[in-house]
Protein chains: 2
Amino acid sequence: MDIEISEVGPRDGLQSINRIMATADKKRWIGALAAAGLREIEVGSFVPAKVLPQLADTAEVVAFARTIPGLTVAVLVPNLRGAQAAVAAGAHKLTIPLSVSETHSLKNLRRTHQQVLEEVRGIRALLNELPPQQRPSFEGSLSTCFGCTLEGPVAEDAVLRLGESLMEAGCDEIGLSDTTGYGNPLQVRRMIRRIWESLGRETLHGIHLHNTRGQGLANALAAIEEGITTVDASMGGIGGCPFAPGASGNIVTEDLAFLLEAMGYRTGVDFERLMAAREILAAALPGEPLYGFVPDAGLPKGFQRAASIQPEIA
Amino acid sequence: MDIEISEVGPRDGLQSINRIMATADKKRWIGALAAAGLREIEVGSFVPAKVLPQLADTAEVVAFARTIPGLTVAVLVPNLRGAQAAVAAGAHKLTIPLSVSETHSLKNLRRTHQQVLEEVRGIRALLNELPPQQRPSFEGSLSTCFGCTLEGPVAEDAVLRLGESLMEAGCDEIGLSDTTGYGNPLQVRRMIRRIWESLGRETLHGIHLHNTRGQGLANALAAIEEGITTVDASMGGIGGCPFAPGASGNIVTEDLAFLLEAMGYRTGVDFERLMAAREILAAALPGEPLYGFVPDAGLPKGFQRAASIQPEIA
């Protein structure tokens, strides 16, 4: 697979919707997403049920998702306690968000940068106690790294510094997260290059983009052309951050998959099955707006993946 | 100005809407678009009123638009007769579409490739009779150049061949037009490079994109990074081609302007005035869906244009 689309709808999508999707529906939807060829799905978040009742069944959903062969079962953890629950449930990948905007960090996780880094160290210690073959991978996600709805512009040097701190504190890798849909392709290119220059290429493989200002796929294109290999997206573009006002809408899995496949990247996605998964989502959340252009317009007549990327272009 | 946004809403947008905007509203809207900093506006099309009654007042709209200082008044002409009317009205720029898909050409202009090229030669002769300072510029637009809803995939060699034919027949330049929203960034990059290699860089400056599959801004980014300097867009994303089923929606002026300004390109656009123009459009077409993310989300907090493009990135 050339580019991994990491489906975050069951986590980022559902947490931003007031209603609660039934566990059985989540399982059906996640099964259909995997059947459509998505190999990594963020299925939930180990946060207190009081904070996000929509994700209170994450342990059960993880247990189910682990039964799907070949699927990487990812979860979000805000702290050590969440990581303990994630490990107990058997998640393959843990992601902890660290907001570069400390104001957002305090709103989102109720923690300063130093407090989050302390959690990271605790999680690293927890993971190191596990036998290597049972040890989940552990990513630190640099939220609001292209700007914050509360603080405004974010300094690139702060992103670099916190990225380095996350790696030092024990993350296996870091990710870039445009939580607020503020990023532009130039920023995306520059940030990726700076991190790779400073921290090494193996520290960063993934990006998480929101389409708040319609720039999501342009940003994804820039990231992929730079060499990023994992892009988060959510089916139907559901999702957002309830603690960053106006920051709604992940980039749409369906449209991202079309962008990539049309350019000749292999994503593993089968469009017909992807549309079937979308129908399951629509049926589980009747009346909820689902976004995306490809689902409406369909694939181009005679659509075929570009056989391969032209070396001089890619 | 680094990148010219050529506003095509009054032509491509209005022709795809069943209702007819009052001439006075068109003038108010075009005035507001120009006041927002847009320096080129395609204000109409010289086609028989029977075919597109929405644009029957194009001569009057051209006469009005010519009174706006510094504005390039562009129109579409399907043939010599249209060009005669455009010249009489005083348009600064004529664009004739030539569909690379001959099936689409027959549906759209009711003419074969050779018949369109014959019209181009007639228009060149007409323009050559004018004193140079009154002579409008003359572009040939390669419609459906990234694929056709009727024929499916379109051969790049055919695009090159017809581009050369348009130049030989007398166009000042050619443009690329993704009439159907089929294009992807790889195709866009490759097509621009091939045309520049074969026909010279001065033959191609502009691209016309539709957002049918949500790929519009990603394609615009690719085009701009290649060196394209004029990008068509329509306010609110209205527009499409009534003769290419499913080919709806130009890229959105508001979102394109944000993409460009955020990256540090100068477009001349003032966002506050652009929103004022959008309100005029909304008032003139009550109930008509207007698209765009930036109008809903607003500019990022503390938004400032990147001071300049980083040379190593651009």
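Biologist: In chain A, what share of the contacts between residues at least 6 apart in sequence join residues at least 24 apart?

Modeller: First, a caution: this is a predicted model, where local features need pLDDT of at least 70, side-chain atom pairs count only at pLDDT 80 or more, and totals for chains, interfaces and linings use all residues. Residues are numbered from 1 along each chain as its sequence is written, chains are lettered from A and ligands numbered from 1 in the order written, and side-chain values use heavy atoms, without hydrogens and water. A contact means heavy atoms within 4.5 Å. On that basis, the share in chain A is 73%.

Biologist: How many of chain A's 314 residues count as buried, as a percentage?

Modeller: Buried means under 20% relative accessible area, exposed over 50%, and partly exposed in between, using a 1.4 Å probe and protein chains only. By that cut-off, the buried part of chain A comes to 62%.

Biologist: How many residues of chain B are in contact with chain A?

Modeller: Chain A puts 41 residues into this meeting. By class, its side touching chain B has 22 nonpolar, ten polar and nine charged residues (Ala, Val, Leu, Ile, Met, Phe, Trp, Tyr, Cys and Pro are nonpolar, Asp, Glu, Lys and Arg charged, and the others, Gly among them, polar). On chain B, the number is 41.

Biologist: Which residue of chain B meets Glu225(A) in a salt bridge?

Modeller: A salt bridge here is a side-chain nitrogen of Lys or Arg within 4 Å of a carboxyl oxygen of Asp or Glu. Two are counted between chain A and chain B. With Glu225(A), the N to O distance is 2.7 Å, and the partner is Arg189(B).
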